[in-house]
Amino acid sequence: MLIGEVARRSGVSARMLRHYESLGLVRPSGRTGSGYREYSGEDIRRIFHVESLRSLGLSLREIGRALDDPGFTPSALVDDLIRQTRERIAAETELLTRLRRIDAAEPAGWEDVLRSVALLQALGSKSADARQRAALSSAGEVPVPVEALVEAVLRETEPNVAGALRWALARSGDDGTALLAEGLDSPVAAVRERAVRSLAEMPGDEAVARLRDALANPDAVVRGCAALALGTRGVADTVPTLIDMIVEGRNDTDAADALSTLASDPGTADRIATGLVDRLAHDNTEARVRLWLTQALADIPGTTASHALVQLSHDEDRAVALTAAYLLQLRDAR
C-alpha cells in the first residue's frame, strides 16, 4: 500500500508518516519499482500502535522505546503519565477558577483585571498581613468575588485575617451564605467551625435558615456556634442546645447569656426555667454541673425560676445552696 492510501485509511498525514520514518518509528517495508514507499500490513499495524500510544500522551521517543524494547515495562511510564496528567488538570482547574472569578468581578478594563489578579494572589499569600489587606480592600472599586472570599475564610488559621474575611463576606450580601453552608459538611472539623462562625456574622434570613439547619449538625461545636448566634437573634429553638452547652461546660457563660437574652419573652423564659430545672432533677448530675445550671437561673425571670432557686437554697451541696441563696437576694433587691 502506497503512502497516500495509508494516509487516507489511517488518518495520519503523509507528512507525519515521513516524520515517523525519519525518527525510525515506522519504516515502510518495501519500495515499488518506481521507488515509492510501500507499506505492508505489519507496517500499518505499527502506525496504529503509534497513534494509540500518542493518544495516551507519550512522546514519540517514549513510543519508540515502548515498541522496540522487548524488556520495556509500561507500569512506571503509565504511573508517570497519570501523575503528569493530574498535575496538568490541577493547574488548568486553578486557572479556570481564577478566570471565572475575574469574570464574576465584571472588570470594565484591563486595569480592573490586573487589580482582581493582584487581590486574588494576595488572598493566597503566605503573608498574613497581605491576606488581611486583601480582605479589607475587597469592598473597593474591584471587589473580590464571594467564592474566593469563602474559600479563603474556610482555610484561614490566623484569627485577625479570619475576622477581616468574615467582615468582607458580611458586606457582600447573601451570595456567600450557601457556599459557607457547604462548609458545614466538610470532613475537617476546623473547616466546619470556620464555616459556622462565618455564617453567624452573615446578615439576612437565609443565614438564619442555614444556622437553624446547623442546630441538627452532628458536630457539637457547629451546633453550639449556631445556637449562640441564633440566641442573640431571639430564636427560641436554640434553648435545648444552649442548655446542653451549659451541662457540657462548652461556652457555658456565653450560653447562659444567650438564654438571658431569650428570657426577655415571658413564654420563652418559662420554657428556659423548666428546661434548667429538669436537668437539675437528674440524680446523676455532677455537682459542678448543678452549680452551672443554678447560675444560669440567675437572669431568668418568672416564678418557675424563683421557685427553683428557693428549693436550691436548701440543696445538700453547699456551693449550690449558697449560690441559690445569693441569687434570691439579688432578685429580691430588683
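Me: Is Asn-251 buried, partly exposed or exposed?

Reply: This is a predicted model, and in it Asn-251 lies in the loop between α14 (239-248) and α15. Buried means under 20% relative accessible area and exposed means over 50%. At 47% relative accessibility, Asn-251 is therefore partly exposed.

Me: What is the phi of Asn-251?

Reply: Asn-251 is not a glycine, yet its phi is positive. The angle is about 50°.

Me: Where is Asp-265 placed, and is it buried, partly exposed or exposed?

Reply: Asp-265 sits in the loop between α15 (252-262) and α16 (266-280). Its relative accessibility is 39%, so Asp-265 counts as partly exposed.

Me: What separates the C-alpha atoms of Asp-265 and Ser-13?

Reply: Along the chain, Asp-265 and Ser-13 are 252 residues apart.

Me: What does α16 reach from its first C-alpha to its last?

Reply: The helix α16 has 15 residues. At 1.5 Å a residue, 21 Å is expected for α16. The model comes close to that, with a reach of 21 Å.

Me: Within what arc do the buried residues of α16 fall?

Reply: The buried residues of α16 are Thr-268, Ala-269, Ile-272, Ala-273, Gly-275, Leu-276 and Leu-280. An α-helix has 3.6 residues a turn, so residues three or four places apart point the same way. Seen down the axis of α16, the buried residues line one face of the helix, because they fall within an arc of 160°.

Me: Which helices do the buried residues of α16 pack against?

Reply: Thr-268 belongs to helix α16, and at 10% relative accessibility it counts as buried. Not counting residues up to four places away in sequence, Thr-268 touches Ala-236, Val-239 and Leu-262. Taken together, the buried residues of α16 pack against α14, α15, α17 (287-296) and α18 (303-312).

Me: Which residues touch the most other members of the largest nonpolar core?

Reply: In soluble globular proteins, nonpolar side chains tend to be buried together. The largest nonpolar core here has 71 residues. Leaving aside neighbours within four places in sequence, Ile-300 is in contact with residues including Leu-259, Ala-269, Ile-272, Ala-273 and Leu-276. The residues that touch the most other members of this core are Leu-242, Leu-276 and Ile-300.

Me: On which side of α1 are Arg-8 and Arg-9?

Reply: In α1 (residues 3-10), the buried residues are Ile-3, Val-6, Ala-7 and Ser-10. They cover an arc of only 100° around the axis, so they are on the same side of α1. Elements including α2 (14-23), β2 (37-38) and α3 (41-55) cover these buried residues. Arg-8 and Arg-9 are exposed, on the other side of α1.

Me: Which residue follows α1, and what is its phi?

Reply: The residue that follows α1 is Gly-11. Its phi is positive, near 85°.

Me: What is the relative accessibility of Thr-294?

Reply: Thr-294 is part of helix α17. Not counting residues up to four places away in sequence, Thr-294 touches Leu-280, Leu-309, Leu-312, Val-320, Thr-323, Ala-324 and Leu-327. Thr-294 counts as buried, because its relative accessibility is 0%.

Me: Which elements give two or more residues to the lining of the largest pocket?

Reply: The largest pocket has a volume of about 270 Å³. Its lining includes Glu-94, Arg-98, Arg-101, Gln-121, Glu-151 and Arg-155. The elements giving two or more residues to that lining are α5 (74-104), α6 (110-123) and α8 (146-155).

Me: Is Arg-88 buried, partly exposed or exposed?

Reply: Arg-88 lies in helix α5. The C-alpha atoms of Arg-88 and Ala-162 are separated by 31 Å. With a relative accessible area of 47%, Arg-88 is partly exposed.

Me: Which residues does Ala-181 touch, not counting residues up to four places away in sequence?

Reply: Ala-181 is found in helix α10 (residues 177-183). It is buried, with a relative accessible area of 11%. Not counting residues up to four places away in sequence, Ala-181 touches Leu-199 and Arg-210.

Note on methods:
Residues are numbered from 1 along each chain as its sequence is written. This is a predicted model: local features need pLDDT of at least 70, side-chain atom pairs count only at pLDDT 80 or more; totals for chains, interfaces and linings use all residues. Side-chain values use heavy atoms; hydrogens and water are left out. Helices (H or I, at least four residues) and strands (E, at least two) are DSSP runs, numbered from the N terminus. Buried means under 20% relative accessible area, exposed over 50%, partly exposed in between (1.4 Å probe, protein chains only). A nonpolar core is a set of buried Ala, Val, Leu, Ile, Met, Phe, Trp, Tyr and Cys residues joined through side-chain atoms within 4.5 Å. Contact means heavy atoms within 4.5 Å. The expected span of a helix is 1.5 Å times one less than its number of residues. The arc is that of the directions from the helix axis to the C-beta atoms. On a 1 Å grid over the protein atoms alone, a cavity is a set of points where a 1.4 Å probe fits but cannot get out, and a pocket is an open set with protein on both sides within 12 Å along at least five of seven lines; lining residues have an atom within 4 Å of a point. Grid points are joined across faces, edges and corners, and a volume is the space filled by probe spheres set on the points.
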